[in-house]
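Here is a short report on one protein model. Look at the fold as a whole before reading on.

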Amino acid sequence: MIVNISRFVNCQDQVYELINNYLKEIQNSVRLYCMLNERDAIQDSNILLLKKIYNSEYSNVEFDWNTIQNNLYNSIASIQVNIVNQKNYGTLNYEDNEENGLRTIAVGGLSLSRGLTLEGLIVSYFYRNSKMYDTLMQMGRWFGYRKNYEDLCRIYMSQENIDWYEYISEATDELRRDVKRMRDMNLTPEAFGFRVRNDVDTLLVTARNKMRTSKEIKMNVSLSSELVETPYIYDDNTKNQINIQSINSLISDLIEEGYLPDTSSKKFGFRNIDKKHIIKLLEQIDFPIANSHFDALSIAKFINNYEGNELNKWDILFASGSGNSYNVYKDININMVQRSFDIKNKLIRINKSKIRLGNPGDPKFGLTDQQINLVEEEFKKDHLNVKSISNKCYFSPSIIRNPLLIIYPVELKQNEEYKTDINKTLMGIAIGIPNLTDEKTKYAIYKVNKIFDTLGDIDYGDEE
């Protein structure tokens, strides 16, 4: 067992005394009463307490209480309490206990948090805390338990600690995904920006003097009244084929559930789609991390966790252009959008330095004529003409609308300067979110390094 309450030696000494005295009391009760029959044994308050704990915590294990009671003294007689700190670092001597093993309750602080392994650890009592990710993760190394003993393992900690470790685990998973993306793109950290989620005010990623090159930005993961795109696309046929297959599966799922295509505006799309279909697609598709405002997994999680009702029903549009014909579903065909491109950091960059994917007016899908007029009257005073109004204006707080998923079948224009072996059809995505009213679940904040901030500098301003 590990008991980590404080980094202060005086506090550890006091905790040691309390635990050691209580252990001796329990050992004495077990020695005197556990060989009696159960009815007599539980007359002792300590034995009664142990039986109650067995019933509430361990009644599902393969040993009944009578078996445990009869063997309890031999099991716990050798348990000792040890202080593990700079003054008493050599107290855990496994070599002197090779035959029967060292059975200990280890009380400590820093020494228990940094690199010490307790063999056969079963129970952790953890009260120490820290405001920094890296320190908490160091202190969390006691999560390596013995195989096949999972039903016996217990961790005791405060709810605040539980919440912090859960949060750090999610942030670490996101960072790990980014590292895998860097590997998949054959990039090095010099050409790849990293971010670490940091939207809990009470936690720090690490000590402030270690974050000299980091910058805190608020990522628009909530996307309230925003439109974000994927202008960066992998120069990789396998990855792009995954996106095409995922979109094909989306259409099949919708048709099977009885959703009918909406062709009222001479565009192919769907109306009032349950958000589960959008979340599923976002969890399947794969776009480069260079789309700093479009992290599919973060957006999927955001949609799932948002506590308001504005994201429950979605519209879906398949954008079309002047390119070759693309078969969307059975006998339904649209013309692909044509886009110029260049190659940057081994990625296809749509519309070169403009870094734009969408067509002007695409987000009008799902709006009434009255809503469209309202938006254009609201924003055209800031523009020379209606055609220059930014697409994100159609998600203005002044109108109530469904969120919109826009799917772009892309045909790359011939480019003598930049060669690519990519197939003719690519898929791009845009997500438009209306005004969101739930303030608690709007934002996720990330710590990013300078490289990420440079690569991710994508302008979502006026359409041209």
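Is D438 buried or exposed? D438 is buried, because its relative accessible area is 18%, and buried means under 20% (exposed is over 50%, partly exposed in between; 1.4 Å probe, protein chains only).

This is a predicted model: local features need pLDDT of at least 70 and side-chain atom pairs count only at pLDDT 80 or more, while totals for chains, interfaces and linings use all residues. Residues are numbered from 1 along each chain as its sequence is written, and side-chain values use heavy atoms, without hydrogens and water.

D438 sits in the loop between β18 (425–433) and β19 (444–449). Strands (E, at least two residues) and helices (H or I, at least four) are DSSP runs, numbered from the N terminus. Setting aside neighbours within four places in sequence, D438 contacts Y306, E307 and G308. Contact means heavy atoms within 4.5 Å.

**Cores.** A nonpolar core is a set of buried Ala, Val, Leu, Ile, Met, Phe, Trp, Tyr and Cys residues joined through side-chain atoms within 4.5 Å. The largest has 58 residues, and I316 and L405 touch the most other members. Strand β17 (residues 404–412) gives the most to this core, with seven residues. A second, separate core has eleven residues, including Y54, W65, L72 and I76. Residues up to four places away in sequence not counted, I316 touches several residues, among them L250, F268, F365 and L405.

An open sheet has the strand order β9-β16-β15, with antiparallel pairing. Two strands pair if DSSP finds at least two bridges between them. β9 and β15 stand at the edges with a single partner strand each, so one side of each has no neighbour in the sheet. β15 and β16 pair over four bridges.

| Strand | Residues |
|---|---|
| β9 | 232–234 |
| β15 | 341–344 |
| β16 | 347–350 |

**Two helices.** Two packed helices are described by the angle between their axes and the distance between the axes. Helix α1 (residues 9–33) and helix α4 (residues 65–76) pack at about 135°, with axes 9 Å apart. That makes α1 oblique to α4: angles under 35 degrees count as roughly parallel, over 145 as roughly antiparallel, 65 to 115 as roughly perpendicular and the rest as oblique. Axes are lines fitted to C-alpha atoms, for helices over the stretch in contact, and angles run from 0 to 180 degrees between N-to-C directions. In α1, I26, Q27, V30, R31 and Y33 meet Q69, L72, Y73 and I76 of α4.
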